[in-house]
Amino acid sequence: MATTTVAPRLVAEARRSGRNPGGHTHGRPGFAWALPATLFFGFFAIVPLLLVVVLSLMSWSGLGPAEFVGLENWRRLAADPVMIQSLWLSVLLTALGVLVQTPLSLVIGVWAAGQQRNRAVLSAIFFLPLLLSATAVSVLWRALLDPNFGVPGQARWLFGDGNLFGSRTGAIAVLVFVASWQFIPFHALIYQGAARAVPAVLYQAAEVDGAGRWGQFRHVTLPQLRNAMITSVVLMVVGGLTTFDTVLILTQGGPGTDTTISAYYMYEQAFQRFDFGAGAAIALLLVVVATIISLIVVRVSGYDKMRSTMEGL
């Protein structure tokens, strides 16, 4: 009786002192282990962000001293119709990207996690766009979709006049298509890893209950991929709101300002009009919007609770 009473107390004291019952130290690593990563993050993320906040309150052309103007840059942007339109375009392109990429990457990722014949070879070919930079992908599709020498120009029976960049609808469709072509393999890779982590016993139990392929996918695979899906969507939101090089190479914000998203408008303000204060304000606004949307996705989905999909196994 005495042994059973003393043992739990010894274990509790050992845990508080950072040692296991055998006397070996096993406490959490000290702050020194996190210091390099903390310094790196602070120097390359927090400090630049604070400098952007300060610059958004300045008027600076890139030469000479900066002049403090307070909230003047913010007031001008709030009254700028192009800025308001660019923000809505950024949200629209992001939403279209999520709607297009999520189901396709989900299906491809689950398929790539299986044991089908030639699966490895086909997956390797499909994942090739991951090896290309956004600039290379944009240059490639700009040439392929050229209205004079590209595919649309040679198939006018399908593409009309062949100028997909000449209308707002066509230009937005091109941006969504090119972004999907490049990033669906990345998100499919996330789903592939998550699908392979689903315990086989769940499928066996579902098969015993009479569930077919669709039933197993609906009642086993999808619930188990919930956290992976939320992670993928958050990455799509952040990437969609901050994309720039694709618009720069494919449409240059045109026709007119029909594809001038906020990130491209930031580039125009800062590096074409040399208004770095306004450019910094737009950059800060994008950070705020992306953070808010990501937090909403995390909170609504319950991802912040970090509930395990393998609980009880």
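## Basis of the report

The structure is a predicted model, in which local features need pLDDT of at least 70 and side-chain atom pairs count only at pLDDT 80 or more, while totals for chains, interfaces and linings use all residues. Residues are numbered from 1 along each chain as its sequence is written, and side-chain values use heavy atoms, with hydrogens and water left out.

## The chain as a whole

The secondary structure consists of 15 helices and two strands. Helices (H or I, at least four residues) and strands (E, at least two) are DSSP runs, numbered from the N terminus. Of the 313 residues in the chain, 35% are buried. Buried means under 20% relative accessible area, exposed means over 50%, and partly exposed lies in between (1.4 Å probe, protein chains only).

Among contacts with a separation of 6 or more, 66% are accounted for by residues 24 or more positions apart; a contact means heavy atoms within 4.5 Å. The chain exposes about 18,800 Å², of which carbon and sulfur atoms supply 69%. Accessible areas come from the Shrake-Rupley method with a 1.4 Å probe, and for residues only the protein chains shown count as cover.

Helix α11 covers residues 213–224 and has twelve residues. From first C-alpha to last, α11 reaches 15 Å, close to the 16 Å expected at 1.5 Å a residue; the expected span is 1.5 Å times one less than the number of residues. G215, Q216, V220, T221 and Q224 are the buried residues of α11. Seen down the axis of α11, these residues fall within an arc of 160°, so they line one face of the helix. The arc is that of the directions from the helix axis to the C-beta atoms. W214 and H219 are exposed, on the face of α11 turned away from its buried side. The cover over the buried residues of α11 includes α4 (81–112), α10 (200–208) and α12 (226–242).

In helix α6 (residues 134–144), the residues A134, V137, S138 and W141 are buried. Viewed down the axis of α6, its buried residues fall within an arc of 95°, so they line one face of the helix. Cover for them includes α9 (168–196) and α13 (245–250).

## Salt bridges

How many salt bridges does a search of the whole structure find? The search finds two, a salt bridge being a side-chain nitrogen of Lys or Arg within 4 Å of a carboxyl oxygen of Asp or Glu. One joins E72 and R75, with the closest N and O atoms 3.4 Å apart. Both residues lie in helix α3 (residues 72–78), three residues apart, about one turn of the helix. E72 is partly exposed, at a relative accessible area of 33%.

D275 forms a salt bridge with R76, and here the closest N and O atoms are 2.9 Å apart. This pair links distant parts of the chain, with D275 in the loop between α14 (262–272) and α15 (276–301) and R76 in helix α3, 199 residues apart. D275 is buried, with a relative accessible area of 16%, whereas R76 is partly exposed at 36%.

## A nonpolar surface patch

W111, V121, L122, I125, L128 and L131 form a nonpolar patch on the surface, with about 590 Å² of accessible area together. Patches are made of residues with over 30% relative accessible area and no salt bridge, where like charges are joined within 9 Å and nonpolar side chains (Val, Leu, Ile, Met, Phe, Trp, Tyr) within 5 Å. Helix α5 (residues 119–126) contributes the largest share of the patch, three residues. W111 is found in helix α4 and is partly exposed, with a relative accessible area of 31%.

## Backbone features in the loops

Most residues other than glycine have a negative phi, and most peptide bonds are trans. F274 is partly exposed, with a relative accessible area of 48%.

The loop between α13 and α14 holds Q252, whose phi is near 50°, a positive value in a residue other than glycine. At 40% relative accessibility, Q252 counts as partly exposed. P255 is also found in the loop between α13 and α14, and a cis peptide bond joins G254 and P255, with omega about 0°.
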